[in-house]
Structure formats: C-alpha cells, structure tokens
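Open the model in your viewer and keep the sequence panel beside it.

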Amino acid sequence: MPELDEDGVRVFDEWCAHYKPSKETLGYITAVLTGVAQDARDPYWNTYRDESDHSITIIDPRDKLHICLRLWAGEDHFTLVRIIDGDFGE
C-alpha cells in the first residue's frame, strides 16, 4: 500500500499548525489520506484532476474542503500537495 511521503507529512503538519482545524475537518483529511493509502476511497467523495496541473488529483470529502494529492502510479508513496479549506483560506 502506498504511504504519504515526507513532503506530504510536512505539508500536513504545517497546514494543521497554521490553521488549527476542527476535529471534524481533521477527521475528513485523515480519512482521505488513509483511504488513498488503503486504496479504499469513499465513493461519495468528489474526485477530479486539477485543470492547471494534471499530475494533481483533488479529493473533496466535504463542501469547501479540497485535498490536493500527487499520486505516483506504481509507486509506494504519494504526496500531499496542499489542503484548501474554504472556511479558512489556503
């Protein structure tokens, strides 16, 4: 199963330290990262490509929350590029 790489962990930690998300938002983010790692994504999540960078997949686990990932085909890791929460900004 793929794991979140070091860059992704850094992005996650810095975003959480800066925005201090609620437990609910943190739960959504964790669910996405765990789901991608286990290849068990929730069918209700909206998933699409970033039109400005087709190497990035965006997963929306709830309204206004966008988890931007770079999924490396055939690799044992993936990268969290950014988290955008419309309730707090980027």
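Which side chain meets R10 in a salt bridge? Select E14: the R10 and E14 side chains form that bridge, with N to O at 3.4 Å. A salt bridge here is a side-chain nitrogen of Lys or Arg within 4 Å of a carboxyl oxygen of Asp or Glu. Side chains of opposite charge can pair when their charged atoms come close.

**Ground rules**

This is a predicted model, so local features need pLDDT of at least 70 and side-chain atom pairs count only at pLDDT 80 or more, while totals for chains, interfaces and linings use all residues. Residues are numbered from 1 along each chain as its sequence is written, and side-chain values use heavy atoms, with hydrogens and water left out.

Colour by pLDDT, the predictor's confidence in each residue, from 0 to 100. The chain mean is 91, and 97% of its residues reach 70 or more. Confidence is lowest in β1, at a mean of 92, and highest in α1, at 96. Helices (H or I, at least four residues) and strands (E, at least two) are DSSP runs, numbered from the N terminus.

**Stop 1: helix α1**

Select residues 6-19, the 14 residues of α1. From first C-alpha to last, the helix reaches 20 Å. That is close to the 20 Å expected at 1.5 Å a residue; the expected span is 1.5 Å times one less than the number of residues.

R10 and E14 both sit in this helix, 4 residues apart, about one turn. Relative accessible area is 41% for R10 and 47% for E14. Both are partly exposed, the class between buried (under 20% relative accessible area) and exposed (over 50%), with a 1.4 Å probe and protein chains only.

Now pick G8, V11, F12, W15, C16 and Y19, the buried residues of α1. They lie on the same side of α1, because they cover an arc of only 120 degrees around the axis. The arc is that of the directions from the helix axis to the C-beta atoms.

What do these buried residues pack against? Show β1, α2 (23-37) and β5 (77-85). Contact means heavy atoms within 4.5 Å. Then turn to the face away from the buried side: E6 and H18 are exposed there. Just after α1, check K20, which takes a positive phi of about 45 degrees.

**Stop 2**

The structure holds 4 salt bridges. Select D53 and R70 next: their side chains meet in one of them, at 3.1 Å, N to O. This pair links distant parts of the chain, with D53 in strand β3 (residues 53-62) and R70 in strand β4 (residues 65-71), 17 residues apart. D53 is partly exposed, at 26% relative accessible area.

Move to D85 and R62. Their closest N and O atoms are 3.0 Å apart in a salt bridge. This pair also links distant parts of the chain: D85 is in strand β5, R62 in strand β3, 23 residues apart. Are the two residues buried or exposed? D85 counts as buried at 0% relative accessibility, and R62 counts as buried at 17%.

**Stop 3: the start of the chain**

Finish at M1, in the segment before β1 (3-4). M1 is exposed, with a relative accessible area of 77%. Leaving aside neighbours within four places in sequence, M1 is in contact with A37, Q38 and D76. Draw a distance from M1 to L65, 64 residues apart along the chain: their C-alpha atoms are separated by 25 Å.
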